[in-house]
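Here's a quick briefing to read with the model open beside you. Have a look at the structure first, then work through the notes below.

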Amino acid sequence: IAIIGIGGSSLGAKAVYRLLKFNYKNIKEIIFLENTDPIELKNHFSKIEKEKTLFLVISKSGTTIETISIFKAVKGYFDIDFSTDK
């Protein structure tokens, strides 16, 4: 699971994940994409298998520029088409 979000948008999920990952052996890995730094993003991207990953975009306002930027980077890097004309 890859969560795209900044600050408070992903903070709750991150807190719950950190609590549970030490108590459950079979918990799915969650990668938090919350920094727009291109080097950090590419480091995270290298750990993600596109076909096996659920991407979740979390934004309270829906207009957070950092979240949108990370989403666009994910879309470009993994060549994901979100068009509905399929």
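Contact here means heavy atoms within 4.5 Å. Helices (H or I, at least four residues) and strands (E, at least two) are DSSP runs, numbered from the N terminus. With that in hand, the buried residues of H2 pack against E2 and H3. Keep in mind that this is a predicted model, in which local features need pLDDT of at least 70 and side-chain atom pairs count only at pLDDT 80 or more, while totals for chains, interfaces and linings use all residues. Residues are numbered from 1 along each chain as its sequence is written, and side-chain values use heavy atoms, with hydrogens and water left out.

**Overall layout**

- The chain has three helices and three strands, and read along the sequence they follow the pattern β-α-β-α-β-α.
- The C-alpha trace spans about 40 × 30 × 30 Å along its principal axes.
- The chain exposes about 6200 Å², and carbon and sulfur atoms supply 55% of that; accessible areas come from the Shrake-Rupley method with a 1.4 Å probe, and for residues only the protein chains shown count as cover.
- Of the 86 residues, 27% count as buried. Buried means under 20% relative accessible area, exposed means over 50%, and partly exposed is in between (1.4 Å probe, protein chains only).
- Among contacts with a separation of 6 or more, 65% come from residues 24 or more positions apart.

**The nonpolar core**

- Which residues make up the largest nonpolar core? Its 12 residues are Ala2, Ile4, Ile31, Leu33, Leu41, Phe45, Ile48, Phe55, Ile70, Val74, Phe78 and Ile80.
- Strand E1 (2-4), strand E2 (31-33), helix H2 (38-45) and helix H3 (65-77) are the elements giving two or more residues to this core.
- A nonpolar core is a set of buried Ala, Val, Leu, Ile, Met, Phe, Trp, Tyr and Cys residues joined through side-chain atoms within 4.5 Å.
- Leucine 41, a member of this core, touches Leu33, Asn35, Thr36, Ile70 and Ala73, leaving aside residues up to four places away in sequence.

**Helix H2, inside and out**

- Leu41, His44 and Phe45 are the buried residues of H2. Seen down the helix axis, they fall within an arc of 100 degrees, so they line one face of H2. The arc is that of the directions from the helix axis to the C-beta atoms.
- Ile39 and Lys42 are exposed and sit on the face of H2 turned away from its buried side.

**Threonine 67**

- Is threonine 67 buried or exposed? It counts as buried because its relative accessibility is 3%.
- Threonine 67 lies in helix H3. Not counting residues up to four places away in sequence, threonine 67 touches Ile4, Gly5, Ile6, Val57, Ile58 and Ser59.

**Salt bridges**

- The structure holds two salt bridges, each being a side-chain nitrogen of Lys or Arg within 4 Å of a carboxyl oxygen of Asp or Glu.
- One joins the side chains of glutamate 34 and lysine 14 (2.1 Å, N to O). This pair links distant parts of the chain, with glutamate 34 in the loop between E2 and H2 and lysine 14 in helix H1, 20 residues apart.
- Lysine 14 is buried, with a relative accessible area of 17%, whereas glutamate 34 is partly exposed at 25%.
- The other joins the side chains of glutamate 49 and lysine 52 (3.7 Å, N to O). Here glutamate 49 counts as partly exposed at 48% relative accessibility, and lysine 52 is exposed at 68%.

**Surface and tail**

- Val16, Leu19, Leu20, Tyr24 and Ile27 form a nonpolar patch on the surface, with about 460 Å² of accessible area together. Patches are made of residues with over 30% relative accessible area and no salt bridge; like charges are joined within 9 Å, and nonpolar side chains (Val, Leu, Ile, Met, Phe, Trp, Tyr) within 5 Å.
- Leucine 20 lies in helix H1 (residues 8-20) and counts as partly exposed at 30% relative accessibility.
- Serine 83 lies in the segment after H3 and is partly exposed, with a relative accessible area of 32%. Serine 83 and leucine 20 are 63 residues apart in sequence and 35 Å apart in space, C-alpha to C-alpha.
- Aspartate 79 is also found in the segment after H3. Its phi is near 50 degrees, a positive value in a residue other than glycine, and aspartate 79 is exposed at 65% relative accessible area.
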